[in-house]
Amino acid sequence: EIFFTSCGSEADNWAIKGTAELMEKRGKKHIITSVFEHHAVLHTCEYLEKHGFEITYIPVNDKGLIDPEDVRKAIREDTALVTIMYANNEIGTLQDIKRIAQIAHEKGVLFHTDAVQAIGKIKIDVKDLGVDLMTATAQKIGGILGGAFLYKRDGIKLEPLIFGHNT
């Protein structure tokens, strides 16, 4: 369930773009994220918008938090993925990832979290959180700069970013 990547941006791109391309085949071309994401997420969403996907950007309140009910309201029949960062890299807010993942799953939608800023700082149990996909980097847990991984729950399929290897 762990796939090593060259950096967190690659892992974010693979999680979002890989899910989007796979779910597009099922008629699902809507993604939900927040206005408060890392550029690796925001730029991937912008790329997908240019390729026919609709993106809903959830606002944050004055404390930098997302209201999970805003996510619930934004989910549609054609929603492929919800992607919300765990810990904000600028102000340190922690989103209620467990609740947001639960809402996504209630609606049959996959959930990804960018946990780059959370890993090594707080306890993360992907099974307890209920995430389908999670991005993290090695340097945050004493590993090499540039190393990262994508957690991909068993059974989740993604379109590859790079061809020539098995995923």
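Glu37 counts as buried, because its relative accessibility is 7% and the cut-off for burial is under 20%. The model examined here is predicted. Glu37 sits in a loop.

Two polar contacts involve the side chain of Glu37. One joins the side chain of Glu37 to that of Ser34, at 2.6 Å. In the other, a polar atom of the Glu37 side chain lies 2.8 Å from the backbone nitrogen of Met85. Met85 is also among the residues that Glu37 touches when residues up to four places away in sequence are not counted. Leu42, Thr83 and Ile84 complete that set. Asn89 lies 52 residues from Glu37 in sequence. In space, the C-alpha atoms of Glu37 and Asn89 are 8.9 Å apart.

Attention now turns to helix 4. This helix spans residues 97-106. Its buried residues are Ile97, Ile100, Ala101, Ile103 and Ala104. Seen down the axis of helix 4, these buried residues fall within an arc of 160 degrees, so they line one face of the helix. What do the buried residues of helix 4 pack against? Their partners include two helices, helix 3 (68-74) and helix 5 (126-129). They also pack against strand 4 (79-83) and strand 5 (110-114). Gly108 follows helix 4. The phi of Gly108 is positive, near 75 degrees.

Methods. Residues numbered from 1 in each chain as written. Predicted model: local features only at pLDDT ≥ 70, side-chain atom pairs only at ≥ 80, totals over all residues. Heavy atoms only, no water. Helix = DSSP H or I, 4+ residues; strand = E, 2+ residues; numbered from the N terminus. Buried < 20%, exposed > 50% of the residue type's maximum accessible area, 1.4 Å probe, protein only. Contact = heavy atoms within 4.5 Å. Polar contact = N/O pair within 3.5 Å; in protein donor to acceptor, adjacent residues only side chain to side chain. Arc of directions from axis to C-beta.
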